[in-house]
Amino acid sequence: YKYKQLKPYNPSQMMISNKFKILRFLALSILHILLIHIANGKVHHHKFVVKSSSFRRLCSTKNILTVNGQFPGPTLKAHRGDKLIVKIYNQANYNITIHWHGARQVRNPWSDGPEYVTQCPIKPGNVFKQIIHLTTEEGTIWWHAHNGWARATVHGALIIQPKPGHTYPFPKPHAEFPIILGEWWKEQVMEIPNVANKTGGEPIISNAYTINGQPGYLYPCSKKDTFKMNVVYGKTYLLRVINAVMDEELFFAIANHKLTVVGKDGLYLKPIETDYIMITPGQSMDILLEANQLPGRYFMAARAYSSAFGAGFDNTTTTAFLIYSDSHSRRDRKTPSLPNLPPYNKTEASTSFTKKFRSLATKTHPINVPTKIDTHLLFTISVNLLNCTHDKPCTGPFGKRFAASVNNISLVHPDIDFLSAYYYGIPNIFEMDFPKKPKREFNYTSDKLPEYFLSTAFGRKVLVLEYDASVELILQGTNVLASDNHPVHLHGYSFYVVGWGFGNFDPKNDPKNYNLIDPPEETTVGVPNNGWVAIRFKADNPGMWLLHCHIERHATWGMSMVFLVKDGPNPKTQMLPPPKDLPKC
């Protein structure tokens with residue numbers, strides 16, 4: 001045999017070889033971890049401390065509820081498919097819950113947030129950990145308190161970027177700005193519903209609207225703190241606009257600039273170029289702005305769209321500055337002109353904007369509109385009146401008290417949440433017979449309705465949906481007391497708006513005009529004044545889910561109902577068990 005001559009042992013080469021193997025192992029491990037993160041999403045941890053904080057607005061100082069001492073609250077950022085774990089510490093003197101508006105919360109209604117629907121409130125001094133697992137959401141959604149009137153100051157943006165390695169369906173903007181439209185009251189906000197409940201009348205009107213927490217240039221003691229958005233000529237910016245106002249739809253515009261709407265409610269739309277938007281409470285919109293005007297200062301402004309005859313509303317205008325970076329001349333320091341906003345009661349301006357909504361419906365952003373419907377629903381949404389429960393007349397119309405309803409049932413909350421009662425089989429908390437259509441049919445949008453239509457009935461009824469049912473729901477506005485544009489939000493789901501119109505829904509003819517090709521996918525839809533909207537969705541998310549008007553006075557009066565979606569056939573289609581730290585009632 002010829003023996004193979006072995007190389008002499010070299011310790012330094014062995015060390016280099018081992019180092020290379022270790023580095024390669026580490027690199028492969030890091031790559032493996034990154035691939036897992038991309039596939040499963042990153043986990044973000046946040047701490048929300050709900051507490052009373054002092055703020056000065058409109059020449060006076062008062063304490064308001066805040067998260068982490070901020071108004072608006074902190075902006076959270078994530079990528080599509082990520083998970084957020086938010087620990088909520090209640091250091092305030094009020095109960096609190098937090099809702100993740102626009103997040104589907106698949107199989108996890110326990111972290112959805114509406115008080116006495118999916119959880120009992122977090123009491124002062126207590127802590128609750130909420131888990132938000134993002135799935136198909138992409139764009140701008142938001143979070144807000146969901147008990148009493150706390151959301152007037154407890155709210156913030158949740159920005160969801162595309163998955164790592166993916167891009168927007170439009171050119172990447174130079175920068176982005178959250179634009180949160182809100183309100184300010186000189187009075188203590190948390191006491192407003194209690195006072196209104198005692199009198200039976202409307203809650204008091206706000207003293208100002210705000211942009212990112214500031215009333216703006218037109219209000220007293222507010223000029224120097226007006227929100228300023230600095231831009232560079234020739235660049236494009238992404239505005240993430242949220243209507244966090246309690247009780248009014250708003251028109252919004254920027255003087256001399258076109259707006260291009262590219263998304264709504266965390267879902268993309270075909271681009272819409274417009275001079276203004278109409279955005280309802282609860283809605284969020286992604287808007288591209290091209291900085292293409294002469295250097296200077298330009299007002300952005302918002303004011304009410306109020307279509308309800310006789311209803312009070314805040315008729316003031318909030319403003320902020322759009323400022324070009326090279327604006328230095330005296331001319332630039334002059335007070336700019338306001339944008340041309342539609343009149344407050346211009347329903348035509350509202351509908352001419354919203355009728356343009358269309359889903360992208362592309363290979364990268366497909367849609368899946370249910371076409372074979374097995375569950376047909378018709379819900380009337382009405383403002384009602386009830387007799388007073390004491391000897392003195394109430395301050396509502398005709399000496400009565402305001403109420404509101406869905407299918408003439410005004411939701412009242414039990415002493416324990418609906419979801420826990422369902423999960424643990426606690427009897428006599430709710431009934432499972434919410435009507436699929438009004439028990440009494442009438443000319444819903446007639447100018448003259450008999451007085452006996454004004455009343456409603458209280459109830460704790462839920463509507464049961466089979467898992468994976470294909471649902472078509474007609475939301476029918478009425479003129480029972482006064483018609484209005486109702487922004488209706490469905491928790492736990494997005495849905496396709498396949499049709500809308502004025503007057504009464506015609507089941508024979510209106511479906512012929514449905515858009516089943518590229519209907520917009522939304523989570524909060526405005527039901528037009530004295531009109532209707534047709535939405536479709538698959539009931540593939542088990543749990544208890546609230547549907548309600550996002551005008552807070554209407555929700556407070558009872559314009560809400562609850563869906564119970566049954567579990568599916570296997571563990572991956574069934575509701576998760578409750579967390580160990582779920583608040584107790």
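**Exercise 1.** Determine how the lining of the largest pocket divides by class.

*Solution.* Begin with the classes: Ala, Val, Leu, Ile, Met, Phe, Trp, Tyr, Cys and Pro count as nonpolar, Asp, Glu, Lys and Arg as charged, and the others, Gly among them, as polar. On this basis the lining holds 20 nonpolar, 16 polar and 5 charged residues. The model is a predicted one, in which local features need pLDDT of at least 70 and side-chain atom pairs count only at pLDDT 80 or more, while totals for chains, interfaces and linings use all residues. Residues are numbered from 1 along each chain as its sequence is written, and side-chain values use heavy atoms, with hydrogens and water left out.

**Exercise 2.** State the volume of the largest pocket, and find which residues lie closest to its centre.

*Solution.* A pocket is an open set of points on a 1 Å grid over the protein atoms alone, where a 1.4 Å probe fits, with protein on both sides within 12 Å along at least five of seven lines; lining residues have an atom within 4 Å of a point. The volume, the space filled by probe spheres set on points joined across faces, edges and corners, is about 1,100 Å³. Of the 41 lining residues, Gly 148, His 413, Ala 555, Thr 556 and Trp 557 are the closest to the centre.

**Exercise 3.** Find the volume of the second largest pocket and the class division of its lining.
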